[in-house]
Amino acid sequence: MVATATPLLRRAAAFAGGVALTLGALLSVPTAAQASTDYGPAAWVPASTSNYTDASRESDYNINYVVIHTVQGSYTSAINWFQNPAAQVSAHYVVSKGGAVTQMVREADVAWHAGNWTYNTQSIGIEHEGFVEQDGWYTEAMYQASAAIVRSVTSKYGIPRDRAHIIGHNEVPGATHTDPGSRWNWSYFMQLVNGTTPPPSWTSTVDNTTAGRFTASANWGTSTYSAQRYGTDYRFANPEAISDAAWYKFDIPATASYRVEVWCPANTGYNATTPYVIATTGGNQTVHVNQQGSGGVWVNLGTFSLAAGDYNAVGVSRWSGGAGYVIADAVKLTRV
């Protein structure tokens, strides 16, 4: 909301052009709230009727913008100030660092937040707890909560989900404020708004020596023969039509698509059709790997749907029709 930081007792003056809060008002806790009727996840704590304009949007004004603000203070202080008749300022929504949301002005009414009457009449204002000049306020929970509000109002009022219509307070014509500031990650926020963010990154590698993550029977020997090995050693066994797989256990965070890669040394005496078994959500799938070539690198078996949980996700089977040792070295999963 404001351009620069101010001391605690002066902070509220930036909200309303010179009217300051008392220390008690800044630190007090708002009264219990009821649920919002405009946006279900929000609590409803009405701003003072002295701080906004009654309207019937979109009958009297079209809603064309969303304006992003930073409070320059706490979540609670913003809520308390918007309830104070002396404030002469308000916003439709306030979002906390932890992702809590309070609505204070109905979307149909005109909140006084942009410092430009035309933009006030045509926009939804969202305040965010924090300070523009300090790190650590714009959390994942805050981005997610704020983006959800923006998705709701843009769908409701047909607002394009682009940076010409979702703007910072500093981008309002005639603005003298700098919020949300350079620490606000517009690129990430707009990805959230548009649902184009990549899935959470996750990768995990299990070696044959990873404690509690690899199991194999006594039929599997241990070797350090090849310098192409992953880690200190690798396991080997003779091919045989028998259920005696070596298994790699992963704690998979979510049911999703994962790339499966395997590492093993290569040798002309190893198996050309080694079966790797992947425990997918649709049942076990088998991919054969030529372990006579492409040693000492990650070999991509493909992308598979894997269920969430801690279980044996990939195995190396001895059930091969080819000659030569089957090798079990390392397996890597990556969410894609």
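Gln-72 sits in the loop that runs between strand 4 and helix 4 (75-83); helices (H or I, at least four residues) and strands (E, at least two) are DSSP runs, numbered from the N terminus. The model is a predicted one, where local features need pLDDT of at least 70, side-chain atom pairs count only at pLDDT 80 or more, and totals for chains, interfaces and linings use all residues. Residues are numbered from 1 along each chain as its sequence is written, and side-chain values use heavy atoms, leaving out hydrogens and water.

Although not a glycine, Gln-72 has a positive phi, near 60 degrees. Gln-88, in the loop between helix 4 and strand 5, also has a positive phi near 60 degrees. Gln-72 is buried, with a relative accessible area of 1%, while Gln-88 is partly exposed at 45%. Here buried means under 20% relative accessible area, exposed over 50%, and partly exposed in between (1.4 Å probe, protein chains only).

## Two cis peptide bonds

Arg-57 and Glu-58 are joined by a cis peptide bond with omega of about 10 degrees, and Glu-58 belongs to the loop between strand 3 and strand 4. Another cis bond runs from Asp-179 to Pro-180, with omega near 10 degrees. Pro-180 is part of the loop between strand 9 and helix 7.

## Helix 6 and its neighbours

Helix 6 covers residues 140-157. Its buried residues include Met-142, Ala-145, Ile-149, Val-153 and Tyr-157. They pack against several elements, among them strand 4 (65-70), strand 8 (123-128) and helix 7 (186-194); contact means heavy atoms within 4.5 Å. Just past the end of helix 6, Gly-158 has a positive phi of about 65 degrees.

Where does helix 6 meet helix 7? Residues of helix 6 such as Tyr-143, Ala-147 and Val-150 take part, and on helix 7 the partners are Tyr-188, Phe-189, Leu-192 and Val-193.

## Ser-48 in its loop

Ser-48 is found in the loop between strand 2 (43-44) and strand 3 (52-53). Is Ser-48 buried or exposed? Ser-48 is buried, with a relative accessible area of 11%. Not counting residues up to four places away in sequence, Ser-48 touches Phe-82, Gln-83, Asn-84 and Pro-85.

## Confidence

The protein averages a pLDDT of 89, and 90% of the residues score at least 70; pLDDT is the predictor's confidence in each residue, from 0 to 100. Residues 1-32 have a pLDDT below 50, and this stretch has 73 contacts in the model beyond near neighbours in sequence.

Notes: The expected span of a helix is 1.5 Å times one less than its number of residues.
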